[in-house]
Amino acid sequence: MAAQGGEKPALRKPIFVKVDQLKPGTNGHNLLVKVVSANPVPGRVRPGAPASSSARAPRIAECVVGDETGSIIFTARNDQVDLLKAGATAIMRNAKIDMFKSSMRLAVDKWGRVEAAPEPASFTVNEDNNLSQVEYELVNVAE
């Protein structure tokens, strides 16, 4: 039912999860993470593509992000690359888990948001528990 008289509906408080709670194929995660490293992925230009298209090629970086419970590889695209420098603290809203070569990757698409945290994180990232190094296998379950 719509709010009447110019009242705004009450916004739900975001529920933040820890990195070690992430599971394959899930989405809608809100996380507070610290960037451990950021490595730009070299852009590939298709053969036969006009030279001007390389300026529009998406910028992509693979960032290791995490919190005190674990770490995961985050695929940063375009403007996200500028925000996620090593040592930065970021808030990720509506993040999802993508599978890439049988391992989990964290991503934020157009329905989510990556923003710089107001203050630096006080925790140390647990790099020993890297969820992107766990290999998953697709198992079909017969009903």
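I started at Asp109, which is partly exposed, with a relative accessible area of 29%. The scale I use: buried is under 20% relative accessible area, exposed is over 50%, and partly exposed is in between (1.4 Å probe, protein chains only).

Housekeeping, before I go on. The model is predicted, so local features need pLDDT of at least 70 and side-chain atom pairs count only at pLDDT 80 or more, while totals for chains, interfaces and linings use all residues. Residues are numbered from 1 along each chain as its sequence is written, and side-chain values use heavy atoms, with hydrogens and water left out.

**Salt bridges**

I took a salt bridge as a side-chain nitrogen of Lys or Arg within 4 Å of a carboxyl oxygen of Asp or Glu. That rule gives seven salt bridges.

Back to Asp109: what does its side chain meet in a salt bridge? I found Lys96, at 3.6 Å from N to O. Asp109 sits in the loop between β5 and β6 and Lys96 in strand β4, so this pair ties together parts 13 residues apart in sequence. Helices (H or I, at least four residues) and strands (E, at least two) are DSSP runs, numbered from the N terminus. Lys96 counts as partly exposed, at 25% relative accessibility.

Next I looked up Arg93. Its salt bridge is with Glu115, and the closest N and O atoms are 3.2 Å apart. Arg93 is in strand β4 and Glu115 in strand β6 (residues 113–116), so the pair ties together parts that are 22 residues apart in sequence. I have Arg93 down as partly exposed, with a relative accessible area of 24%. Arg113 joins in too: Arg93, Arg113 and Glu115 are linked in a network of salt bridges.

**Arg105**

Is Arg105 buried or exposed? It counts as buried, at 10% relative accessibility. I located Arg105 in strand β5, and its side chain meets that of Glu62 in a salt bridge of 2.9 Å, N to O. This pair links distant parts of the chain, with Glu62 in strand β2, 43 residues from Arg105. Glu62 is partly exposed, with a relative accessible area of 25%. I also listed the contacts of Arg105 (heavy atoms within 4.5 Å). Leaving aside neighbours within four places in sequence, they include Ile72, Thr75, Lys96, Asp98 and Ser132.

**Nonpolar core**

Then I went to the core, meaning a set of buried Ala, Val, Leu, Ile, Met, Phe, Trp, Tyr and Cys residues joined through side-chain atoms within 4.5 Å. The largest one has 22 residues, and those with the most contacts inside it are Val65, Ile72, Phe74, Leu84, Met92 and Leu106. At least two residues of this core come from each of β1 (27–41), β2 (60–67), β3 (70–77), β4 (89–100) and β5 (103–107). Which strand gives the largest share? I get β4, with four residues.

I checked Val65 by itself. Neighbours within four places aside, its contacts include Val33, Val35, Ile72, Phe74, Met92 and Leu106.

**Positive phi**

Last, the backbone. Asn78 has a positive phi of about 50 degrees although it is not a glycine. I placed Asn78 in the loop between β3 and α2 (79–83), and it is partly exposed, with a relative accessible area of 35%. Asn94 also turned up, with a positive phi near 60 degrees. Asn94 is in strand β4 and counts as partly exposed at 33% relative accessibility.
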